[in-house]
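Hello,

Please find the structure below. My notes follow it.

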Amino acid sequence: MIELCQSSLSAYISSVKFHNYSSSFISVGDSKGKINLYDLQTIMNIRELKIHDGRVSALDFINYNGTNAAMLSGSKDKTIKLSDLRMNNSVVRKFDSHLG
């Protein structure tokens, strides 16, 4: 697990969330605003999202439009973003001015 979640030297891991419906997926957010989605069965990074400008402080997988391939992420950049994980860097909706 430690090797899987290694971040760059200038960033630290700031949030972690296991998928609600499948324990083989985990998302990891870092202090630079990057989110990585890992498949724990293959030990592969399957998606990298660069959608925030600040530390990722909260992550959650949700059911959106009948699919479990969506994620909410909250950041110190004062945004909450809804992402479709089937597409690269696909922000479906952005909510501004939350308290971070």
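Lys34 is partly exposed, with a relative accessible area of 23%. On this scale, buried means under 20% relative accessible area, exposed means over 50%, and partly exposed lies in between (1.4 Å probe, protein chains only).

Some ground rules. This is a predicted model, in which local features need pLDDT of at least 70 and side-chain atom pairs count only at pLDDT 80 or more, while totals for chains, interfaces and linings use all residues. Residues are numbered from 1 along each chain as its sequence is written, and side-chain values use heavy atoms, with hydrogens and water left out.

Salt bridges

The structure holds 5 salt bridges. The criterion is a side-chain nitrogen of Lys or Arg within 4 Å of a carboxyl oxygen of Asp or Glu. Lys34 pairs with Glu48, and their closest N and O atoms are 3.8 Å apart. This pair links distant parts of the chain: Lys34 sits in strand β3 (residues 34-39) and Glu48 in strand β4 (residues 44-50), 14 residues apart. Strands (E, at least two residues) are DSSP runs, numbered from the N terminus. Glu48 is partly exposed, at 32% relative accessible area.

Glu48 also meets Lys50 in a salt bridge, at 3.4 Å from N to O. Lys50 is exposed, with 59% relative accessibility.

Lys94 and Asp96 form another salt bridge, at 3.5 Å from N to O. Lys94 is partly exposed at 47%. Asp96 is exposed at 52%.

An open sheet of 4 strands runs in the order β5-β6-β7-β8, with antiparallel pairing. Two strands count as paired if DSSP finds at least two bridges between them. β5 and β8 (91-96) are at the edges and have a single partner strand each, so one side of each lacks a neighbour in the sheet. From one strand to the next, the twist averages 20 degrees. For such angles, axes are lines fitted to C-alpha atoms, and values run from 0 to 180 degrees between N-to-C directions.

Now the β5 and β6 pair. Strand β5 (residues 56-64) is joined to strand β6 (residues 67-75) by 7 bridges, and the two run antiparallel. Asp60 has Leu72 in β6 as its bridge partner. Tyr64 stands opposite Thr67 in β6. The two strands form a hairpin with 2 residues between them. In the turn, Asn65 has a positive phi of about 55 degrees.

The core

What makes up the largest nonpolar core? It has 9 residues: Ile35, Leu37, Leu49, Ile51, Val56, Leu59, Phe61, Met71 and Leu85. β3 and β5 are the elements that give two or more residues to this core. β5 provides the largest share, 3 residues. By definition, such a core is a set of buried Ala, Val, Leu, Ile, Met, Phe, Trp, Tyr and Cys residues joined through side-chain atoms within 4.5 Å.

Setting aside neighbours within four places in sequence, Ile51 is in contact with Gly33, Ile35, Ser73, Lys81, Ser83, Asn89 and Val91. Contact here means heavy atoms within 4.5 Å.

Best regards
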